[in-house]
Amino acid sequence: MTFLSLLMVSFPEAILVAALGFLLIGLKPWWCDLIIIGALQAGFAYIIRLLPVPFGLHSILGIVLFVLNIRLVTRLPYRIVILASLFGLIFYGSVETVAIQFMLQIKGFSLTEVWNYSFIRFLYFLPQAIVMIIFIIACKVFNISLISYSQDYSRLRHLSRKETQGDLKADIVNNHNLIIFVVVLLPVLLLALLNMAFEAARLDIFPGEHFNIFNGIFGIFIIILTVLSTVTVKRIGQHVEKDYEAKRAEENLKQIKQLINSSRKQRHDFHHQLQTIYGLLEGGAYERARDYISRLFGEISQTGELIKTDNFSISALLYTKMGLAEAKNIEMEIAVECSLRELPLTPHEASSLLGNLIDNALGAVEDKTGACRQVKVKITYEQGLYVIIISNTGDPIVPKIKEDIFKVGFTTKKGHSGLGLSIVKDIVSKYRGDIKISSDTEVTTFTVIIPLKK
């Protein structure tokens, strides 16, 4: 490799890759940092070419030195440096793979000539550089970035500022997700390298044993990626579970808000009820006042009875649902006729199962009027089985959709995700229970049976 090749190819190549990589992860680098990175990487490239390293391995060694180079110059955390390097190298590798093949067909030069002659190599590098510059300009003009950080700092702040580095070190988002990004991005980069090595071996530019060594190295990478993929699948599952729990918590918060609004309304009405009772007592109508208080107490005590269950999470859920029904003027009866202490469901599962079934029942009668706005919930224990019965007086379920009602995404209402009943089905299946549906013109009933877990 000549000095001209270093100046015209390796130096700008490293600058463009680093700049695009940082922009894609949402950071704006200093130009002085990029120049230092380009100069160091050009020097590394020259030394690597002098070493007796088989073709293909020199590219892997160059990537490793590129990561260390950026770390040395910017002093950023390794997770940030690795992601920036992977993004930049993947884009450059993809552009190079397409551009070289296109230029070989257009110009008629061989890959050997491209490799050995500085001017020809620069000629082939030029379209790659133009494409990379277009990408960089697009990222800056349209604020394109593939990763967002949890810390609140602007893209206009530069990498070398100490406060920005402190923010990045305190940011744990990429630290948790680094393995996922590596598993997704690294195979793409390895494919680009493998394509280059295959093309070089096909044209007999390097000895065949070099390609064999390179192929063996790839086998090691495949083993490493297999292990990382296993860990990644587990982490993705954890993220999905946390996302689901967050959505359920958001739904519960909405329901609690509705309950608070209902309580405020009830307190407002109760103030007027006290005025009425006071007027009856002042007028000497004691019997009418007693009857009025008795009727009023019967109306407002329904919700309070729910606190008597011995499962706090279920009590809280039922209390919330009762308030939600009251806010919507839906008549709701709840009967818990057994102890819930040995119910095998976790608090989260119990809330999901009961919450989705009750929400489904409330939704079925929400558009009805009069006596057709009734929902009943009953929980009993019979011969080692917990039986949950939830019925409503809404429209009957059409027989042809009974088999589809528990499928993911199936819904008959606009704006609904169709996940509620599928979640219920999953929980029931997990505990080897059963769920039955009966529906006619008068009432629709969901019966869930959960065996007592020994």
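Among contacts in the protein (heavy atoms within 4.5 Å) between residues at least 6 apart in sequence, 69% join residues at least 24 apart. This is a predicted model: local features need pLDDT of at least 70, side-chain atom pairs count only at pLDDT 80 or more, and totals for chains, interfaces and linings use all residues. Residues are numbered from 1 along each chain as its sequence is written, and side-chain values use heavy atoms, with hydrogens and water left out.

The protein has 13 helices and five strands. These are DSSP runs, numbered from the N terminus: helices are H or I with at least four residues, strands E with at least two. Of the 454 residues, 41% are buried, meaning under 20% relative accessible area; exposed is over 50%, partly exposed in between (1.4 Å probe, protein chains only).

Now the interior. A nonpolar core is a set of buried Ala, Val, Leu, Ile, Met, Phe, Trp, Tyr and Cys residues joined through side-chain atoms within 4.5 Å. The largest has 47 residues, and Phe22, Ile25, Phe66, Ile70, Leu186, Leu189 and Leu190 have the most contacts inside it. Helix H1 (3-24) gives the largest share, 11 residues. Leu189 touches Ile63, Leu86, Leu89 and Ile90, leaving aside residues up to four places away in sequence. A second, separate core has 43 residues, among them Cys338, Val377, Tyr386 and Val448.

Which residue of helix H2 is named here? Tyr46 is found in helix H2. Tyr46 is partly exposed, with a relative accessible area of 35%.
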